[in-house]
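Have the model open as you read, and take the points in order.

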Amino acid sequence: PLRDRLARAETLEERRAAALCLGQVGAEAQPAVPEIAALLTEPDSYSRLAAILALAGIGGPEACGELARTAAEDPDAGLRLEALINGAGPCGFEPAE
């Protein structure tokens, strides 16, 4: 149902809220990673931050791949750092030397 809510959301606020809830579900929400990762392409930083937090909560190879890409490529340095910090636990990210 949460994944359906994310897919049917009419506003960014609803999409962000659904993504954050899915992040709280954890690994069981892995099928929703593509929909959550779509928030990473939004221009506003709140949507991208919600996606980062949700993906870190879900974990798994696909979510970690999205976090790694965000840590390397997001235009906002703060969000790159958030992806790196939040991905440290579930993805084993380590700071560059």
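How much of the protein, out of its 97 residues, counts as buried?

1. Burial and ground rules. The share that counts as buried is 38% of the 97 residues; buried means under 20% relative accessible area, exposed means over 50%, and partly exposed is in between, with a 1.4 Å probe and protein chains only. Please keep in mind that this is a predicted model, where local features need pLDDT of at least 70 and side-chain atom pairs count only at pLDDT 80 or more, while totals for chains, interfaces and linings use all residues. Residues are numbered from 1 along each chain as its sequence is written, and side-chain values use heavy atoms, with hydrogens and water left out.

2. Overall build. The protein has 6 helices and 0 strands, giving the pattern α-α-α-α-α-α along the sequence. Helices (H or I, at least four residues) and strands (E, at least two) are DSSP runs, numbered from the N terminus. The C-alpha trace spans about 45 × 25 × 15 Å along its principal axes.

3. Contacts along the chain. Contact here means heavy atoms within 4.5 Å. Counting contacts between residues at least 6 apart in sequence, 54% join residues at least 24 apart.

4. The nonpolar core. A nonpolar core is a set of buried Ala, Val, Leu, Ile, Met, Phe, Trp, Tyr and Cys residues joined through side-chain atoms within 4.5 Å. The largest one has 22 residues, and the members that touch the most others are Leu22, Ile36, Leu40, Ile52, Leu55 and Leu67. At least two residues of this core come from each of helix H2 (12-25), helix H3 (33-37), helix H4 (45-58), H5 and H6. H4 gives the largest share, 6 residues. For a closer look, pick Leu67: not counting residues up to four places away in sequence, Leu67 touches Ile52, Leu55, Ala56, Ala83, Gly87, Cys91 and Phe93.

5. Helix H2. The end C-alpha atoms of H2 are 20 Å apart, in agreement with the 20 Å that its 14 residues should span at 1.5 Å a residue; the expected span is 1.5 Å times one less than the number of residues. Its buried residues are Arg15, Arg16, Ala18, Ala19, Leu22 and Gly23. They lie on the same side of H2, because they cover an arc of only 165° around the axis; the arc is that of the directions from the helix axis to the C-beta atoms. These buried residues pack against helix H1 (2-8), H3 and H4, while the face turned away from the buried side carries the exposed residues Glu13 and Gln24. Just after H2, Gly26 has a positive phi of about 90°.

6. Leu20, a residue of H2. Leu20 lies in helix H2 and counts as partly exposed, at 36% relative accessibility. Setting aside neighbours within four places in sequence, Leu20 is in contact with Ala50, Leu53 and Ala54.

7. Helix H5. From first C-alpha to last, the 13 residues of H5 reach 18 Å, close to the 18 Å expected at 1.5 Å a residue. Which residues of H5 are buried? They are Ala63, Cys64, Glu66, Leu67 and Thr70. Their arc around the axis is only 160°, so they sit on the same side of H5. They pack against H3, H4 and H6, and the face turned away from them carries the exposed residues Pro61, Ala72 and Glu73.

8. The disulfide. A search of the whole structure finds 1 disulfide, a disulfide being a pair of cysteine sulfur atoms within 2.5 Å. It joins Cys64 to Cys91, with 2.0 Å from S to S, and the link is left-handed, with -85° about the S-S bond. Cys64 lies in helix H5 (residues 61-73) and Cys91 in helix H6 (residues 77-91), so the pair ties together parts that are 27 residues apart in sequence. Cys64 counts as buried, at 12% relative accessibility, whereas Cys21 counts as partly exposed, at 39%.
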